[in-house]
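This report looks at a ligand site and at the salt bridges of one structure.

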Amino acid sequence: MTDVTKNGTAALLEVTDVEVRYGAIAALKGISFDVREGEIVALLGANGAGKTTTQKTVSGMMRPASGSITFDRGRIDGIPAHELIGLGICHVPEGRHVFPRMSVHENLEMGAFRFKTMDRNDYDRVLELFPRLRERIKQQAGTLSGGEQQMLAIGRALMGKPRLLLLDEPSMGLAPLVVAQIFEIIREINKAGVTVLLVEQNAAQALALANRGYVLETGEIVLTGTGEELLADERVRAAYLGEEIAAS
Ligand code: ATP
């Protein structure tokens, strides 16, 4: 059933009672959430809570044992990842995974593989968003810094013309200044019309950016609210913002 939200817009992504198993282990125990067109939605949770599994399931890398997933009102659960890219669901997995022996330019070209030719406007837009990549356009991707590789992974996904961008821990292992740049770029990408589902350990910054968030605990959604509500929630502050509270 399509959820028509309070403001009358249907969800772009709707996940309903999804269960995902790794053999005997239930990694997701019947979770439900939605992402509306134009939103940034954050998925938070401790290690092993099921955030990555959720993204892999939405992007078609994993199949739910039960439940349903709709995108733009059509059922997508069970459709493989390469076909979902064609619908505009692009995934930047944890750990970046750029093609290390290819140049920055070739990596960006690969992002447009589903089109006959690369869209020059998309290419120019990506290089505007990431001037660092323009400066390193001929450099082998494997020799880029961690932050630059993250930029390239996001830029490559943008070459696929996403409607929904799935970002898994884009700030992982990056210096604070680079993290701030990456978050600012996510904001700009969203302003340009791309809906974002963001997995982050960096709860304070993710919630400051997100319209809404969901907190996962051992495969279940235990809390949801707007970014502001979750930032103010005592349970979130205790579990995920401990350091920030201590530091302030
Ligand atoms: P992290 O923040 O550590 O990346 P996460 O919230 O993304 O964690 P998932 O990676 O989705 O969590 O893992 C959810 C659960 O599924 C964990 O208990 C994990 O051990 C288990 N799991 C994940 N991948 C596999 C796998 N390939 N085989 C078996 N169990 C797995």
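Helix α1 (residues 51-58) contributes three residues to the shell around the ligand, the most of any element. The model is a predicted one. In total, 13 residues surround the ligand, and the closest are Gly48, Gly50, Lys51, Thr52 and Thr53. By class, the shell holds four nonpolar, six polar and three charged residues.

The side chain of Lys51 places an N or O atom 2.8 Å from a ligand oxygen. For Thr53, a polar side-chain atom lies 2.5 Å from an oxygen of the ligand. The ligand alone exposes 640 Å², and the protein buries 62% of that.

The structure has 15 salt bridges. Three of them are listed here.

| Pair | N to O distance |
|---|---|
| Asp34 and Arg212 | 3.0 Å |
| Asp124 and Arg120 | 3.8 Å |
| Arg187 and Glu184 | 3.4 Å |

What does the pair Asp34 and Arg212 tie together? Asp34 lies in strand β2 (residues 25-36) and Arg212 in strand β9 (residues 212-217), so the pair ties together parts that are 178 residues apart in sequence. Asp34 and Arg212 are both buried. A network of salt bridges links Asp34, Arg36, Glu39 and Arg212.

Asp124 and Arg120 are four residues apart in helix α4 (residues 120-129), so about one helical turn separates them. Asp124 is partly exposed, at 31% relative accessible area. Arg187 and Glu184 are three residues apart in helix α7 (residues 176-191), again about one helical turn. Arg187 is partly exposed at 36%, and Glu184 is partly exposed at 35%.

Definitions and conventions
Residues numbered from 1 in each chain as written. Predicted model: local features only at pLDDT ≥ 70, side-chain atom pairs only at ≥ 80, totals over all residues. Heavy atoms only, no water. Near = heavy atom within 4 Å. Polar contact = N/O pair within 3.5 Å; in protein donor to acceptor, adjacent residues only side chain to side chain. Areas by Shrake-Rupley, 256 points an atom, 1.4 Å probe, with all protein chains shown as cover. Helix = DSSP H or I, 4+ residues; strand = E, 2+ residues; numbered from the N terminus. Nonpolar A, V, L, I, M, F, W, Y, C, P; charged D, E, K, R; others polar. Salt bridge = Lys/Arg side-chain N within 4 Å of Asp/Glu carboxyl O. Buried < 20%, exposed > 50% of the residue type's maximum accessible area, 1.4 Å probe, protein only.
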